Amino acid sequence: MSPAQWDLPPELCCRPMAFVALTGLDVVYNAIHRAIWDAFCANRRADRVPISFKVLAGDHEYPKCRTKRTSYEWYIPKGILKTGWMNKHLNLVPALVVLFYELDWDDPQWKEKQSECATKVEIVRDKFFSHRTSLQGRNTKVAVVLIQKKTPLPPGEDLVASERASALCGACDLSGKSLFVLPHTDHLVGYIIRLENAFYEHAQTYYYNEIRRVKSHKEFLNKTTHQLLFVRHQFKMGFFSELKQDTQNALKYYRTAYVLINELRAHETNMLEIKTMAGFVNYKICRLCFQHNTPLDAIAQFRKHIDLCKKKIGSAELAFEHTAWMSKQFQSFGDLFDEAIKLGLTAIQTQNPGFYYQQGAYYAQERKQQAGQLCGHEPGVGYPAPDPLETASGALDFYGQRPWRQGHQSIDPPDSEKEKQGILALQVKERDVLHSELIIALLSNAVAQFKKYKCPRMKSHLMVQMGEEYYHAKDYTKALKLLDYVMCDYRTERWWSLLTSILCTALKCSYLMGQVKDYITYSMELVGRASILPEEQKSRIEKNLIKVLMNEVPEPEPDCDPVSVKAAQSLWSDRISLAGNNEITIEVQDYAPFVQCKAKFLSPSFHIDEPVQLHVYVRADCPHPVRFSKLCVSLSNQEYNQYCLLEDASKGKDILESSSQENMCLVPGKTRKYCFKFVAKTEDVGKKVEIMSVGLMLGRETGRYVYLTWRGGWGDAASSHETLQASRCFKKRTRFPEQQVDWDTVSIQSSTMIISRVPKISVQLTHEPPTLTNEMYCMTVTIQSEEGTVAKDLKLTAGLKPGQDANLTQSTQITLNGSEVCDDSHPALLPDIPLGDLQPGQKIVKPLYIRCVSTGSRILLFHVAYSVSATVEGKDITCKCHKDETVTVETVVPFEVAMKFVSSKFEHLERVYVDIPFLLMMDILSASPWPIELVNSEVQLASSMTAIDQPMSQVEGVTLQTSECASECFLLKCPPVQNGTSTVASGHYIISWKRKSASAETSMVRTIITLPHVMVENIPLYIHAELPSFGCVRESLPVRYRLENRTGLVQDVEISVEPSDAFMFSGLKQVRMRILPGGEQEMLYNFYPLMAGYQVLPQLNINLMRFPNISSQLLRRFLPSRIFVKPQGRNGDTSIEAA
């Protein structure tokens, strides 16, 4: 039986839509009619009503309606559902027939066209209702649409149109709701949509009446003989509800139908019909559940459906039909699930369509096995004649029935001979079914789903099954492609048992295809440690492998198709006879062959004056010893490859012949060690030498050979896990004899560094840290040779070590000449300072001078390079040696300078005043751990400031120890400024100093310090006091005040003297005077001290009438506020006089 028998009918799977027939349209020759038809069916949006339109001729023959039964008393149904019923209501019996007729309300031939329209309506009714005078047969209505050229007036305004519409309805026997007008204007699509909505209402009414009609039959049925009719009627009501777009009621009817199906008495003759209808109704229920966005209900319904039906096998001779039906159920549900996902449903890893496709494939595989068991007839048994599967109409009357006994519902078949012939026909047809194609299609769908939902292991498992199905279908190319893809995952995850099974199938495919490289690759894996095959099978595969390497035809693999084996032997013979490319290269890291390799350098680094040593360990895991013909190591420097090569000198053809080099024979389970060494080239000093690959050749270059390459010198698909396991193993290792090697203890060292010869010189640095900023810091480098021969071409590189902060590079200078001061033109690193040759034991002393402009920590490098002659492995080479010494030097400031402006009374000044003297105080605080000698100091004043006295250095020759301070001051004044108040520059302070060291003469450093800016103001009145330096109790103290007007205006000045408890005074206590521009006034007072000690003088209050903003306190700043008063001495007391 063809696979299409199990496919669900398309009318069941489609979305049911109301069927409306359109007549009277000539869509081929009439452009207006064509435009109307396109508006109905072209580019329908989702928001338009669901209607299926068809254009039919006016005299189209509709299906005739049978006479309805008035009683079911003696009626016995012959089946559940007729095969043509769904198609009839979807495509043959319309819910509404619409007649299109071109007629305007003001047509001059109105009467004739009215009659013609009525005639056409009658023709449609006659064809539909089969000349019946009543409408009891069908509930289908007829509607008329008048195609008009003009846009109609609003209802009620066109009286002629109303009258003629009533007349037309009477002539055509139509109700007013069945007559429509369609103006052919620019808004045609809008009118069409309105027509559609009206048609949809008519269709809703039709399907509603159909549901009522079917429901009315229930009262005539009994559950004894009419069980099938109960199911039929529920299905019909559900289907009509779907056509009516009432999916909730449709789901209710289908659920009831499903319950009734499971209540039917099932026996062998009707089992297929029951399962078929159960499958149909289950499909409808699941589809509607997904449509209602209740996927859990759909899944629950499907699980219940499978649980109820999986044991309803039916005839044992046709068991494959049951598994075929089960497979189709899972596939259909998977399709529904996938369709729902595309429409927005969200699936998860553990619940996705892939599981249902997978289960469908499982039943398809079971079907294939059952078909092989049940359909394996004798060669003489053929297809029966006459054909029991043929029917008179070419199709079944009812779904799920046997062609040779249609309509038969009894338990026993009517004709046992016909039954046997029918079963035989089904078995013969099943034998011709391509089961592998069905299985592969289902597995492919499942793989796509598991890939989509990121289930890699499920995907790999199903791809293996697909590969095996391709193998059984004799499509070995696709089988090998799939299996090869999956094997990578199983190797990575170390599923050795699964990998072995897949490799066996892949080996058979490669043998049957004559693929030499694949055959060798899979054979090498199946023979190796990753395979779980028994030893005898490994031995057989190894012998076949050796045959292929000896250019002979291998023995066939077991359990292969004899026809395919015969074709494969012919292919292999052709491969052997062709003298083509017999070189096969296998990258081992992707496989797990029977040969393992580890290559390592004996040390992470080798000096240039010693040979580089390399060991290669090789081990075989095959049942029998195997001999290789070549072993080579490829290094990053290809020039060394010639020293890492082992080759069999014999050129014998037979791979099993004895070799003169016994160490080229690998004994199973034993590790062979091969040693190589070479002398590195001097230009490779500082470079890394890496093992790029290790190659091992099996076979002969004269015949066929396999070249195994280990990238990086070790490792295959299983090595990394084995190495990890060995490192975690806490068991006591077995002690091996001295000549044997424990494979697990061999570590990997795939690269080594060629480093320069160990230098035999000493480099000593002499200096006095820390360095002081801007000084020429002396570092003495002492180099002494400890070599046995002459150290030639000695060069010194000294200075700031590269790789540090860029600011340090810019602020560090180095020179060999200590007498010159470094500037920005000097580098931070002096490279390759030639020092000549150095005899054994000779010493060189080289002073260097470093200037550090900024503070901070610096790493200084002293690199000494030279060359000596040496002999390595009988070769004379020139070794370049070097020695590096680094020292971290901290740079600190030698001293800190604090500057401030003070008045003549040593009061701090925020600003100074024009032509009024003030002091510049300088405090030099030593921050150096070493003594500092201040050689000299000077002030370079700006043009805005002048010195009153000749400025002389007061710290010349002073030596400061750590934290000591030296101070000096300078008497200055500011000339007049232009704008009254201005900030002016002061100039520079220059200190010449040097480090005081007993060990070496140091150079002088000149440090320039910028003096701070100061604010200068003009003052309108200057007051100066002249008085003695001290006074005596009760002795007169003369005081003279000078007032000077420094403006171009006449100053009115008010002066008053505040009394003091410590003094009596004589003079004007309060006075008002006028001072001319540039003029002076003097005021004389006699102060009479009353108390001894440091006393406050009587204060002058000065008020400038023209400058009210100038306060008295500001003017008083220029006057002394206190004076020391000595006590009155006794006669003859000399102590007071001395004081």
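Q: Axes are lines fitted to C-alpha atoms, for helices over the stretch in contact, and angles run from 0 to 180 degrees between N-to-C directions. On that basis, at what angle do the axes of helix H17 and helix H20 cross, and within what distance do they come?
A: In this predicted model, local features need pLDDT of at least 70 and side-chain atom pairs count only at pLDDT 80 or more, while totals for chains, interfaces and linings use all residues. Residues are numbered from 1 along each chain as its sequence is written, and side-chain values use heavy atoms, with hydrogens and water left out. The axes of H17 (residues 496–513) and H20 (residues 562–577) cross at roughly 65° and come within 7 Å. Both are helices because they are DSSP runs of H or I with at least four residues, numbered from the N terminus; strands are E runs of at least two.

Q: What makes the contact of H17 with H20?
A: Contact means heavy atoms within 4.5 Å. From H17 come Ser-510, Tyr-511, Leu-512 and Met-513, and from H20 come Ser-564, Val-565, Ala-568, Gln-569, Leu-571, Trp-572 and Arg-575. These divide into seven nonpolar, three polar and one charged.

Q: Why is a space in the protein called a cavity?
A: On a 1 Å grid over the protein atoms alone, a set of points is called a cavity because a 1.4 Å probe fits there but cannot get out; lining residues have an atom within 4 Å of a point. Grid points are joined across faces, edges and corners, and a volume is the space filled by probe spheres set on the points. The structure holds eight cavities of 30 Å³ or more.

Q: What makes up the lining of the largest cavity, by class?
A: The lining has four nonpolar, four polar and five charged residues. Among its 13 residues, Leu-272, Ile-313, Gly-314, Glu-321 and Arg-402 lie nearest the centre. H9 (271–291) and H11 (319–342) each supply at least two residues, and H9 gives the most, with three.

Q: How many charged residues does the lining of the second largest cavity have?
A: That lining has no charged residues, with six nonpolar and four polar. The residues include Leu-8, Tyr-283, Phe-302 and Gln-329. The volume of this second largest cavity is about 60 Å³, and H9 and H11 again each supply at least two lining residues.

Q: What value of omega goes with the cis peptide bond that joins Ala-385 and Pro-386?
A: Omega is about 0° at this bond. Pro-386 lies in the loop between H12 (353–374) and H13 (416–431). Another cis peptide bond, also with omega about 0°, joins Pro-769 and Pro-770. Pro-770 is in the loop between strand S18 (761–766) and strand S19 (771–772).

How values were computed:
On a 1 Å grid over the protein atoms alone, a cavity is a set of points where a 1.4 Å probe fits but cannot get out, and a pocket is an open set with protein on both sides within 12 Å along at least five of seven lines; lining residues have an atom within 4 Å of a point. Ala, Val, Leu, Ile, Met, Phe, Trp, Tyr, Cys and Pro count as nonpolar, Asp, Glu, Lys and Arg as charged, and the others, Gly among them, as polar.
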